[in-house]
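Hello,

Here is the structure I promised to pass on. Have a look at it first, and then read my notes below.

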Amino acid sequence: MICKIRKWSLKDAADLTAIISNKNIQDRLRDGLPYPYTEEDGRAYISFLLSADADETFAFAITADDRVVGSIGVFRQGNIHRQTAELGYYIAEEYWGKGLMTEAVRQICAYVFEKSDVIRIYAEPFASNGASCRVLEKAGFQYEGTLRNNAVKNGNVLDMKMYSLLKGDTGQSDVESGRAEGVRSEPESDAECAGEERVQSEPASGVPARHMRRRDREVTEFEELVAIMEECDVCRICMNDGDGYPYIIPLNFGMTVREGRVALYFHSAAEGLKLKRMERDPRVSFEMDCAHELLTEEDTGNCTMNYKSVIGQGRIEFLAEEEKEAALNVLMAHYHREDFSYNRAVMPQTMVYRLVVERMTGKQRQKNLPG
């Protein structure tokens with residue numbers, strides 16, 4: 001059986017849907033995927049991967065004899081961890097224990113180290129997931145320690161293990177000797193051939209997000225990011241659309257900051273396209289900006305723009321009826337009218353939801369032209 005990794009194509013949506021619609025697969029992934037998973041979800045996800053920054057997201061389909069059987073990705077982290085990336089993967093249940101995952105891990109690590117400045121790739125399998133740990137060990141990863149009580153999955157508090165592979169590690173020799181082009185894989189140990197191999201999903205990153213090209217304009221301090229957001233009046237939300245095109249809308253918003261986590265609050269009518277899209281796929285991106293000022297220099301003809309902006313990603317959560325009033329108070333407070341007595345009678349017809357921010361970064365230019 002020949003294992004290769006390759007770039008995704010929209011025509012792979014049906015295969016992806018068949019793989020991830022399996023509850024046994026989803027139970028072994030991080031939370032957040034729609035279930036049941038539709039072909040429309042698959043097209044939206046593949047479109048997202050194809051449009052991602054190629055130096056930040058290295059995402060591939062896993063194929064066995066040219067058939068798509070799984071997904072694997074390496075995702076660059078941000079700020080001081082900008083040359084570190086997290087590995088995530090899953091494979092169709094009928095291919096568990098056949099050695100394909102180890103080969104796919106070898107191939108993607110070789111590719112990332114060759115094509116980017118990433119110097120460390122890490123993975124965090126559940127500590128109870130011995131087969132996934134063996135996959136990483138066979139691919140040359142080193143065990144670094146156990147992260148105690150690091151996850152809650154299906155109501156269970158779980159430990160996770162930390163593994164890493166460094167650029168230049170001796171364990172990488174197999175992939176650098178030509179195996180990245182796709183070779184015939186050998187079976188794993190008997191235990192893994194019994195179907196015990198489990199899978200990890202693409203990682204969810206924390207705040208802040210990835211490192212920016214223009215370091216002189218990047219805002220990385222959490223307090224500064226929050227201060228910019230407090231200045232903004234409008235937040236633009238971008239959703240995954242079923243036809244492959246992003247769907248973006250501007251919204252008024254409120255904001256809370258608790259224990260270093262940001263939540264944005266919005267309201268709208270109880271029906272509409274945006275709500276359908278959010279229900280189908282709660283993953284969204286957001287952008288907000290403020291402090292715009294046009295700067296011109298008549299003598300030289302130079303001009304530029306001052307600005308402050310924040311972009312990020314997160315997930316939408318719809319609020320229960322009893323949570324609406326407090327959320328609307330947060331929204332009103334953002335516009336300095338905490339005491340406004342709005343009509344409570346319309347609340348049953350009002351949808352209130354929040355965006356729990358998972359990652360964000362900021363950028364600003366605030367200076368004058370000479371003269």
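To start with the rings, the structure contains 4 aromatic pairs, where rings of Phe, Tyr and Trp (its six-membered ring) pair if their centres lie within 6.5 Å. Phe266, Phe318 and Tyr353 are linked by ring pairs into a cluster. Please keep in mind that this is a predicted model, in which local features need pLDDT of at least 70 and side-chain atom pairs count only at pLDDT 80 or more, while totals for chains, interfaces and linings use all residues. Residues are numbered from 1 along each chain as its sequence is written, and side-chain values use heavy atoms, with hydrogens and water left out.

Two lysines sit over tyrosine rings (NZ of Lys within 6 Å of the ring centre and within 35 degrees of the ring normal). Lys23 lies over the face of Tyr35, 5.8 Å from the ring centre, and Lys161 lies over the face of Tyr143, at 5.4 Å.

Tyr35 is also joined to Pro36 by a cis peptide bond, with omega about 0 degrees. Pro36 belongs to the loop between α2 (23-26) and α3; helices here are DSSP runs of H or I with at least four residues, and strands are runs of E with at least two, numbered from the N terminus.

Next, the helices. The axes of α1 (residues 13-20) and α3 (residues 39-51) come within 8 Å and cross at roughly 115 degrees, axes being lines fitted to C-alpha atoms over the stretch in contact, with angles from 0 to 180 degrees between N-to-C directions. α1 and α3 are therefore roughly perpendicular to each other (65 to 115 degrees). Ala13, Ala14, Leu16 and Thr17 of α1 make the contact with Glu39, Gly42, Arg43, Tyr45 and Ile46 of α3 (heavy atoms within 4.5 Å).

Best wishes

Key
Phe/Tyr/Trp six-rings, centres within 6.5 Å; stacked < 30°, edge-to-face > 60°. Parallel < 35°, antiparallel > 145°, perpendicular 65-115°, else oblique.
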